[in-house]
Amino acid sequence: MEALVKKRILQVLKGDQDAYGEIVELYKDKVYQISYRMLGNRHEAEDIAQEAFIRAFINIHSFNIDLKFSTWLFRIATNLCIDRIRKKKPDYYLDAEVAGTDGLNMYSQIPSKTDMPEKEIESLELEETIQSEILKLPEKYRTVIVLKYIEELSLIEISKILNLPIGTVKTRIHRGREALRKQLRHV
Amino acid sequence: MNCPDIYTDYMHDYLDEEITPDNETKLREHLLICADCQSHFQELKKTIALVQSTSHIQAPVNFTSAVMARLPNEKKQVGLKRWFRRHPMVTAASLFLTLMVGSLITGWNEDQEFSVSKNPNLIIENNTVIVPEGKTVNGDIVVKNGDLKIEGQVDGNVTVINGDINGEKYLASAGQVTGEIEEINQLFDWLWYHMKKITKDTVNIVK
């Protein structure tokens, strides 16, 4: 896959935008997933994921073709997410968590039209709980946990994406795990 | 929980799959005797399992097209190249036509010298070729960059490029030319003449 991506990048460098479309197709789910788990909101996640691809396109000439493209792309995406978390504007979205309600969002105010099977509701609730617990982590732990356990990347790769020494990445994963353990212990 | 922190470190090393065999043995032995550490370890593993259990989500539909729409405009040159790549026949045809027309136009510009097909019965005065009265020219006559005066008879086709045929007006009555008469003075005529000639030659070769 890396070889194909490199071929497409060379085409993009020559100015061929269609080739970039294929790159977007290949990585859109992963980039969107990182953004969603980091930000906890589909609207914002889509916005940031799109932004990441656009930034990557604009700066593609500065990408070192000998490196892994996904590492570079994920770095752009995580940096954008971190920026967004740090200067989080008081935007209001329906699926944003309502303060003080412990995981409820505005959608929960809208009555559901379909009767969902009990099990499905349970698993949805569990997933929401996990997601909201991830979102409660400080952003530096959240990033490593998302990259490690949702994107399933290696420590070396995470250290490259975040431009941090591997020791720091390890420490953050350990602390992130401990924090999550305390939050999820009674689930 | 009064165990030394080192066991927690071992747990994390284990979860990172970076524990040494020695330390792993130490951890396992400790977990057997320490309920607190054992539940701690179980909770950590459960946490990871829970996080990993979250379903993989997919980007919204139309995500790619939304990104593509927001990209800065590409260079026109590339769009053109891609169009050519997608229409190879049109590209080949237009390339052929361009080269063809180009070479013919060059030929038109370069051929400014006076010339005429050789024939013993023709008289040449300055830039005028004369078919003398009472004489018959057998074969085609092609005059380039000069005029042709037909006073006698021509048994064949007459072509004048960049010049006039003076005898033409008598033609209808006198019938001095048995073949076709053609006067070429425009670039387009020149091209047309060449196309016809090439076609004719090709047909002749085929025959």
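Author: The dialogue below takes up the fold, the aromatic rings and one annotation.

Author: This is a predicted model, in which local features need pLDDT of at least 70, side-chain atom pairs count only at pLDDT 80 or more, and totals for chains, interfaces and linings use all residues. Residues are numbered from 1 along each chain as its sequence is written, chains are lettered from A and ligands numbered from 1 in the order in which they are written, and side-chain values use heavy atoms, with hydrogens and water left out.

Reader: How many helices and strands are there in chain A?

Author: Helices (H or I, at least four residues) and strands (E, at least two) are DSSP runs, numbered from the N terminus. Chain A has eight helices and zero strands.

Reader: What percentage of the residues of chain A count as buried?

Author: Buried means under 20% relative accessible area, exposed over 50%, and partly exposed in between, with a 1.4 Å probe and protein chains only. Of the 187 residues in chain A, 47% are buried.

Reader: How is a pair of aromatic rings described?

Author: One gives the distance of the centres and the angle of the planes. Rings of Phe, Tyr and Trp (its six-membered ring) pair if their centres lie within 6.5 Å; planes under 30 degrees apart count as stacked, over 60 as edge-to-face and the rest as tilted. Over all chains, the structure holds 10 aromatic pairs. One of them, A:Tyr32 with A:Tyr36, is stacked, at 6.5 Å centre to centre and 15 degrees between the planes. These two residues are separated by about one helical turn, because they stand four residues apart in helix H2 (residues 17-39) of chain A. Both A:Tyr32 and A:Tyr36 are buried.

Reader: Why is the pair of B:Tyr14 and B:Phe41 edge-to-face?

Author: The ring centres of B:Tyr14 and B:Phe41 are 5.5 Å apart and the planes lie at 70 degrees, so the pair is edge-to-face. B:Tyr14 belongs to helix H1 (residues 6-15) of chain B and B:Phe41 to helix H3 (residues 35-53) of chain B, so the pair ties together parts 27 residues apart in sequence. B:Tyr14 is partly exposed, at a relative accessible area of 27%, while B:Phe41 is buried, at 6%.

Reader: Which residue lies over the face of A:Tyr36?

Author: A charge sits over a ring if NZ of Lys or CZ of Arg is within 6 Å of the ring centre and within 35 degrees of the ring normal. A:Arg42 lies over A:Tyr36, 4.7 Å from the ring centre.
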